[in-house]
Amino acid sequence: MKKRPCNSVSRRGAVPFIAAAAVVASGAASAFQIDTGNPDVRMTWDNTVKYSAGWRVRGVNSEVADNSIGPQANTNDGDLNFDRGLISNRLDLLSELDVRFKRNMGFRLSGAAWYDQVYNESNDNPGALGGALVNQRSAPYNEFTRATKQLHGRKAEFLDAFVYGNLAPSGMNLNLKAGRFTQLYGESLFFGSNGIAGAQTPLDLARALSVPNSQFKEVARPVGQISGQLQINADVTLGAYYQMEWRKSRLPAAGSYFSFADFVDAGVYPKSGRRLRFRIPTGHEMHLYAEKTQVGNTLGEVNPGTLPDEGVIRGMRIYGLDHVFIVGPNMADAARLFAEVFEFDLAEELVDQLGGNQILTFFSCSSRAHDIAFGVHPEAGRFHHVSFRLNSTEDHVYAGDLMGKYGIPIEQNDRHGITAVKTIYFFDPSGNRNEIFVGGHTRYPDSPKLTWTMDHLGLAAFSQSLHVPESFLGVTT
Ligand SMILES: [Fe+2]
């Protein structure tokens with residue numbers, strides 16, 4: 001069943017907006033002055049309506065936008081989402097209200113609104129492996145994400161909102177401004193991001209790239225600030241400003257025609273910075289990010305002590321996430337990706353025979369025995385288990401007691417040969433397999449790779465019982 005777009009209600013609301021914009025276009029093609037009845041107050045309201053359309057004249061070139069797990073996997077959505085034909089069918093309104101009193105003080109309000117039919121419909125992404133990496137979580141493969149629809153498809157926003165005044169202390173000219181506005185010192189006609197101008201004003205690059213004939217006052221993004229300029233004489237002007245607000249430059253949204261990257265912007269996932277999202281050969285979605293908000297454990301960083309506040313350590317006394325174990329086809333390709341691109345160490349492996357094929361691979365990028373493990377499975381994107389670390393064998397016994405008390409189904413309580421840890425596997429209410437884990441090898445950069453062979457599977461998997469439950473080999477979610 002086709003998923004209903006999250007914002008289909010506001011899509012219906014867009015129709016009257018178009019009609020309204022058309023009325024403005026026919027009634028106010030240029031500025032007009034509003035008669036205030038007071039000769040000292042001059043008011044102008046300027047509305048500019050613009051229609052623009054863009055066509056793609058040639059189809060997707062697979063050498064430019066390749067649809068596989070390749071070097072372009074994180075940069076191809078903007079290309080793959082559009083077949084030959086319309087890439088934009090857009091109506092823009094720019095509205096500017098200026099009110100001036102006696103030529104030396106006043107205020108300005110401006111705003112923009114737009115609707116692009118192309119971004120309010122499905123797109124042409126083929127949805128094959130690698131085709132719609134960024135969309136597959138929040139929207140179907142052939143739909144734009146909600147953020148992309150909002151930025152490119154339908155939006156209204158205020159631009160300028162400021163007051164100003166001109167004074168003449170000691171015969172000099174002093175101009176003061178406060179509110180949200182843009183300013184660019186120096187010559188910045190073509191390259192506004194150069195020099196000090198780049199720090200003064202963020203830019204709306206999504207508009208600059210998408211809408212032909214945009215004026216710079218539409219591209220520069222106003223920020224909250226106060227500013228003063230004192231003209232001492234004809235040759236010398238002193239200027240100063242203080243910005244209370246920071247806004248980022250606006251890039252074309254992921255999957256829009258002119259987008260550069262398929263990333264997930266900061267804030268989409270809680271307490272997480274910008275992410276690169278991609279799919280690995282086993283069919284699993286991976287995210288790469290550099291920023292994460294540290295929540296902490298209430299101990300602080302100065303004289304932290306040893307015991308967090310009451311209630312912080314609860315339940316099974318889990319200390320942290322240890323590793324995940326995922327299974328799918330093409331494990332060898334995934335293993336190569338993690339070894340050669342991400343530079344994980346292959347810490348341990350299970351092979352059918354010495355010098356033979358890998359069946360399980362265990363990779364580490366830390367001092368842990370492994371951080372991620374892969375197994376072979378005919379179906380893509382399967383999950384075997386996630387493992388949580390405990391601090392001590394006492395906590396491990398306590399966690400096992402809790403499972404008994406609350407009737408949590410235990411699959412195996414044993415010790416792994418691989419990694420040499422004490423383990424309990426159990427299923428959570430959603431049916432996923434979990435593991436609690438204590439002990440294990442400490443991994444150093446020069447630790448040798450350990451190899452296990454299938455004729456010792458019992459020892460490798462569960463080294464006390466030497467027995468591998470059928471469910472452990474068969475159940476994935
Ligand atoms: Fe595990």
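In this predicted model, the largest nonpolar core comprises 19 residues, of which A334, F362, F363 and F374 touch the most other members. A nonpolar core is a set of buried Ala, Val, Leu, Ile, Met, Phe, Trp, Tyr and Cys residues joined through C-beta atoms within 7 Å. At least two residues of this core are supplied by each of β11 (320–328), α7 (331–341), β12 (345–351), β13 (358–364), β14 (372–376) and α9 (457–461). Helices (H or I, at least four residues) and strands (E, at least two) are DSSP runs, numbered from the N terminus. Beyond its neighbours within four places in sequence, A334 is in contact with I280, P281, T282 and F374; contact requires C-beta atoms, placed from the backbone, to lie within 7 Å. Another core, of nine residues, lies apart from it and includes L390, V421, Y425 and I436.

Nine strands form an open sheet with mixed pairing, in the order β16-β17-β18-β15-β11-β14-β13-β12-β19. Two strands pair if DSSP finds at least two bridges between them. The edge strands, each pairing on one side only, are β16 (410–415) and β19 (450–453). From one strand to the next, the twist averages 15°. Five bridges join β16 to strand β17 (residues 421–427) in the antiparallel sense, and Q412 has Y425 in β17 as its bridge partner. Helix α8 (residues 393–406) packs on the sheet, where α8 touches β16, β17 and β18 (433–439). The direction of α8 makes about 20° with that of β17; axes are lines fitted to C-alpha atoms, for helices over the stretch in contact, and angles run from 0 to 180 degrees between N-to-C directions.

L230 is located in strand β7 (residues 223–231). L230 is partly exposed because 17 other C-beta atoms lie within 10 Å; a residue is buried at 20 or more such atoms, exposed at 12 or fewer, and partly exposed in between. Not counting residues up to four places away in sequence, L230 touches M172, L174, T237 and L238. The C-alpha atoms of L230 and A168 are separated by 9.2 Å, although these residues are 62 apart along the chain.

Confidence is expressed as pLDDT, the predictor's confidence in each residue, from 0 to 100. The protein chain has a mean pLDDT of 84, and 86% of its residues reach 70 or more. Confidence is lowest in helix α1 (residues 8–27), with a mean of 30, and highest in strand β4 (residues 105–116), at 96. Over residues 1–29, pLDDT stays under 50.

Residues are numbered from 1 along each chain as its sequence is written. Local features need pLDDT of at least 70 and side-chain atom pairs count only at pLDDT 80 or more, whereas totals for chains, interfaces and linings use all residues.

Technical notes
Contact = placed C-beta atoms within 7 Å.
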